[in-house]
Amino acid sequence: MQSRTSSLFRNIYYAASHHRSFASSSSSSSSVEATVYRFSRHGSIKDVLKPEKQNLATELKPNEVFVRMEAAPINPADINLIEGSYGGKINVPGVPGIEGVGSIAAVGSNVHHLRVNDRVIPSSSSFGTWRTHAVVKEDEMMKVPNDIPLHYSAVLSVNPSTALRLLEDFANLKAGDVIIQNGANSMVGLSVIQIAKSLGIKTINIIRDRPDYEHTVNLIKGLGGDVACTEKYIRTPAFKSLISELPAPKLALNCTGGSCATEIARHLGDGGCFVTYGAMSKQPVNLPASLFIFKNISSHGFWLSRWVDSHSQEERKQMIEKLSNFVKDGKLKLFMEGHKFSQFNFAMERHMEPYRDRKVVLELMH
């Protein structure tokens with residue numbers, strides 16, 4: 001199969017580079033066998049998610065592109081989508097995977113903005129990236145820079161994008177300002193730390209008490225975090241003393257909910273902004289009325305999917321390019337572990353492990 005596929009893609013490249021459809025090439029009757037993970041109903045992953053083989057014809061319509069998917073992470077939102085507990089829904093039967101990266105293997109005769117070998121990500125989170133190949137319309141893919149590591153391209157569009165929006169969209173932050181966040185060791189949290197550092201913004205970072213606490217604190221501080229401590233410590237007089245020489249935070253970022261959300265809100269300065277973008281503890285957010293009355297704080301929610309839906313593809317492209325530049329300049333490091341698509345079950349087990357410090361990325365062409 002490997003040699004047959006390689007030979008086929010040589011034909012694909014030739015046809016696409018001349019802007020011809022497959023109908024006019026020698027490969028018009030060929031197909032590619034794609035591996036796709038699909039669920040036919042919502043439920044537990046082990047019960048509803050199954051691999052399938054799908055034959056994709058290589059003859060393209062004028063506005064279609066043939067995408068060779070290369071890498072896609074496993075995000076908590078993917079699990080929630082499969083279980084049916086996420087804010088956004090995908091049609092059932094559906095293919096999971098809210099982000100990922102691929103390359104263009106062929107283009108139809110009326111495709112104008114994509115070329116063979118372009119690196120692309122889906123335009124929508126409902127595309128479904130847990131597959132090896134896809135035939136889609138040109139506007140379902142967006143070109144992204146190809147001068148950063150492939151695995152970085154696979155994960156930039158959710159967690160680091162969320163971090164950038166949180167820092168840019170809610171408070172007028174400038175060098176010397178302070179923010180406070182919980183869940184600081186997540187990919188969003190670590191991205192917030194690094195982007196804030198590059199902007200001269202100080203971060204107070206709250207994490208759970210965990211077996212690898214010292215390692216996690218060292219990681220946070222090594223990436224530019226100014227203060228790092230546990231949820232329990234934030235409630236002590238010693239914590240107040242620790243941050244006493246810093247300006248009061250202008251922005252509090254909450255991804256856990258529960259009592260830790262309340263505590264970080266208490267440390268906001270007058271007119272501070274509290275933003276919830278996750279609920280990992282599955283506990284409600286309770287904010288005292290006194291914070292609104294006497295400190296005039298504001299409270300907001302953020303969901304990246306809503307931002308994507310309400311902004312243009314060009315704005316999203318500019319965001320990805322900005323993050324890519326952070327990566328190229330050494331200002332944004334992301335921590336991942338790759339697993340072959342053929343070892344999907346093991347990759348999922350790794351994703352489910354507690355206290356994991358690397359995002360699991362599926363290497364789709366293996």
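In this predicted model, the largest nonpolar core takes in 42 residues. Leu-156, Ile-179, Leu-251, Leu-253, Leu-323 and Leu-334 are the ones with the most contacts inside it. Several elements give two or more residues each to this core, and they include helices H4 (150-155), H5 (159-169), H11 (304-310) and H12 (313-328) as well as strands S11 (251-254) and S12 (273-276). Helix H6 (187-198) is on that list too.

Take Leu-334 as a way in: leaving aside residues up to four places away in sequence, Leu-334 touches Tyr-152, Val-155, Leu-156, Pro-160, Met-187 and Ser-191. Another core, of 34 residues, lies apart from the largest one, and Val-65, Ile-74, Leu-81 and Ile-104 are among its members.

Now for the sheet. Six strands make up an open sheet with parallel pairing, in the order S10-S9-S8-S11-S12-S13.

Zooming in on one pair, S8 (residues 178-181) and S9 (residues 202-207) run parallel and are joined by four bridges. Here Gln-181 stands opposite Asn-205 in S9.

| Helix | Lies across | Angle |
|---|---|---|
| H6 | S8, S9 and S11 | about 170 degrees to S8 |
| H9 (residues 258-266) | S8, S9, S11 and S12 | about 175 degrees to S11 |

Definitions and conventions: Residues numbered from 1 in each chain as written. Predicted model: local features only at pLDDT ≥ 70, side-chain atom pairs only at ≥ 80, totals over all residues. Heavy atoms only, no water. Core = buried A, V, L, I, M, F, W, Y, C linked by side-chain atoms within 4.5 Å. Buried < 20%, exposed > 50% of the residue type's maximum accessible area, 1.4 Å probe, protein only. Contact = heavy atoms within 4.5 Å. Pairing = 2+ DSSP bridges. Axes fitted to C-alpha atoms, helices over the stretch in contact; angles between N-to-C directions.
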